Amino acid sequence: MEDLTPTARKRLPANAGNPPPPTPPLGPSESRSNHNAPPRSRTSGDFAYQPLDPNNDSIRLISIRPTKFWSTIVECSVHNIGFVELPQYRALSYTWGDGIRRRNIHLNGSVFPVNGNLFDALWFFSRRDQFRGGFFWIDALCINQQDIDEKNRQLPMMPHIYFRAEAVLAWLGDIESYRPFEKNPRPVNSQRRRKYSYQERCDLFIRSNDYWDRLWIIQEIGKAAQILVLYKWSTGFIYTWDEFISYVEKKHKGLTGGPIALDVQLRGKYNGKHSLRHLLQAHERAKCQRPHDKVYGLLGLAEDSHGFAADYRKSVFEVWKDTVTFLKPDEGDVVSLARLCARILHPIYTQRTVQELAAGLALPASQEPASPFLPLPLEILGEIGLRGPSLQCLFNSLAAAESWALSIRESDKTGTVMREHDELVHLLLRGESSSKTAAVTRFSTAFGQFEPKGTNQPTTFIELPLLPRRGPPRQTEGHDPEFFQMASSHLGWQLGLAPKDALPGDTICRIPDTRTYLLVRCQEMDGRWSILGTVKPSFDIISIPRPGMEVKSMTLLVRLETLFILTSDPENISSMMGTPAWSEFVR
């Protein structure tokens, strides 16, 4: 490994094949701390936390008993301390790991299980003179992870914990425990293989360490006054942040991710790039154990997150609703924001979650829903001109197939619609598009009058959706998609599949930047719009050119529950079971 700076030169081995020398003590500037994501539920032996004072800003700090280098026992004590006492401490930033490697420590004399990476850090600190006699803040030990109320109270304090720490200790782990080395022995030739050299091990360990993928480090490092990077190899290595980044830039030219991306984030924290939305976009792929933390882990660093209440009792879908509502999207970006938050909180797209959502949100027509309304922009593609047979009827009846083809020929002067028809039917007969046709859904509607708060205009109440099961199009009677032909001949496409209740004159709309196409109908009595279901235009099933053309637009006022469903991928809509579900208001 090459030298970092003159102050770090003694920490690195002169020969890659020899073990590294002992690390010199930290200088007077090397102090501070950090925090990390909540873990999985686990028992803690017979240890019992003393409650923190709920009326004052207080935290717990850990002291580590010094031990001999050869000892395998780690003993810690926990102390309740108020912020008013201005405690001096370091905070640890580390990865929780997969929970497979577990070790026991002694906490106030009781056995307390921790993950293997945390055990390695505690063992390291207990044997280094520069860490003796000080306090540490470590989330897994300082927060009662079984007490949700305490976690909810401590979470808003995290930015202050990091900010007030003497130093944040970025613990990368133990090189000897780094599993990629076990899985990827490097081949020398086709006959034999050898292990990584010291230099290769260090480079790979630093460049591809799981630590850089953690979401929590964005806040932990971002609030730190001083950062120290540590990892264990023999006696261990300790670098200041600038030393570490200088080494990475020298050894890994062209690297843009990992520590380099984090350094860019640090240098930009005062230039307006720390809005919650920007942080969500920039760290969409960051990892954490709980989906809630994909949002909660950024609140302490976001400059505009004041008033966002974190609550681990909420479902992931409720966190999605809170996030979308808090960011107050306008009509122009409501779809992109809804999809961003859904991608970040990926587990809400599971079928089980949506089923639970549907079962719990059905409302009577006389009840006002709790969730707010947001404007959903729609692009109007055109109107249905002609209804055709259902898929099942077309497949089972040659007479129906011939009658539908004859209807198309009568209005097709150029032959392009008939070609479109043949390609579509051939594809459907081969079963290559069953997943796409399954995305055609039918929504059941129940009408009633309602006036939302803050709106003087009456609104139509609609209960939706009644959705089909996943599978081939000939699944259940009533959900069998039907062919349709558009009324206009200037669209570049003419055919598609719609729910059985579609009628001539119904409008087909697209949600911008998605592949979700809605069937909507204007009610003659009051001029209000109803969402009847989803459709599949032929150009979304077969490859046909679509000429560029201007489309008209309209806006529906929708509930958050409906926004979630309609802005998800069509395959996710079709995967939901046919259950009467949530309610919706349409302008």
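User: What makes the pair Glu284 and Arg343 a salt bridge?

Analyst: A salt bridge is defined as a side-chain nitrogen of Lys or Arg within 4 Å of a carboxyl oxygen of Asp or Glu. The closest N and O atoms of Glu284 and Arg343 are 2.8 Å apart, so the pair falls within that 4 Å limit. Glu284 lies in the loop between α10 (276-282) and α11 (293-299) and Arg343 in helix α13, so the bridge ties together parts that are 59 residues apart in sequence. Please keep in mind that this is a predicted model, in which local features need pLDDT of at least 70 and side-chain atom pairs count only at pLDDT 80 or more, while totals for chains, interfaces and linings use all residues. Residues are numbered from 1 along each chain as its sequence is written, and side-chain values use heavy atoms, with hydrogens and water left out.

User: Why is Glu284 called partly exposed?

Analyst: Buried means under 20% relative accessible area, exposed means over 50%, and partly exposed is in between (1.4 Å probe, protein chains only). Glu284 has 22% relative accessibility and therefore counts as partly exposed, and Arg343, with a relative accessible area of 42%, is partly exposed as well.

User: How do you know that Arg267 and Asp263 form a salt bridge, and is each of them buried or exposed?

Analyst: The closest N and O atoms of Arg267 and Asp263 are 2.7 Å apart, which makes them a salt bridge. Both residues lie in helix α9 (residues 258-267), four residues apart, about one turn of the helix; helices (H or I, at least four residues) and strands (E, at least two) are DSSP runs, numbered from the N terminus. Arg267 counts as exposed because its relative accessibility is 61%, whereas Asp263 counts as buried because its value is 7%.

User: What makes Arg214 and Glu220 a salt bridge?

Analyst: Their side chains meet at 3.1 Å, N to O, and both Arg214 and Glu220 are buried. A search of the whole structure finds 18 salt bridges.

User: Why is the aromatic pair of Phe124 and Trp171 called tilted?

Analyst: Rings of Phe, Tyr and Trp (its six-membered ring) pair if their centres lie within 6.5 Å, and planes under 30 degrees apart count as stacked, over 60 as edge-to-face and the rest as tilted. By this rule the count comes to 27 aromatic pairs. For Phe124 and Trp171 the centres are 5.2 Å apart and the angle between the planes is 45°, which is tilted. Phe124 lies in helix α1 (residues 116-126) and Trp171 in strand β7 (residues 167-174), so the pair ties together parts that are 47 residues apart in sequence. Both Phe124 and Trp171 are buried.

User: How do you know that the charged end of Lys151 sits over the ring of Tyr312?

Analyst: A charge sits over a ring if NZ of Lys or CZ of Arg is within 6 Å of the ring centre and within 35 degrees of the ring normal. The charged end of Lys151 is 4.6 Å from the centre of the Tyr312 ring, and that of Arg164 is 4.8 Å from the centre of the Phe83 ring.

User: Why does Thr323 count as buried, and what does Thr323 touch?

Analyst: Thr323, found in helix α12 (residues 316-327), counts as buried because its relative accessibility is 0%. Contact means heavy atoms within 4.5 Å, and Thr323 touches Leu280, Val295, Phe308 and Cys341, not counting residues up to four places away in sequence.
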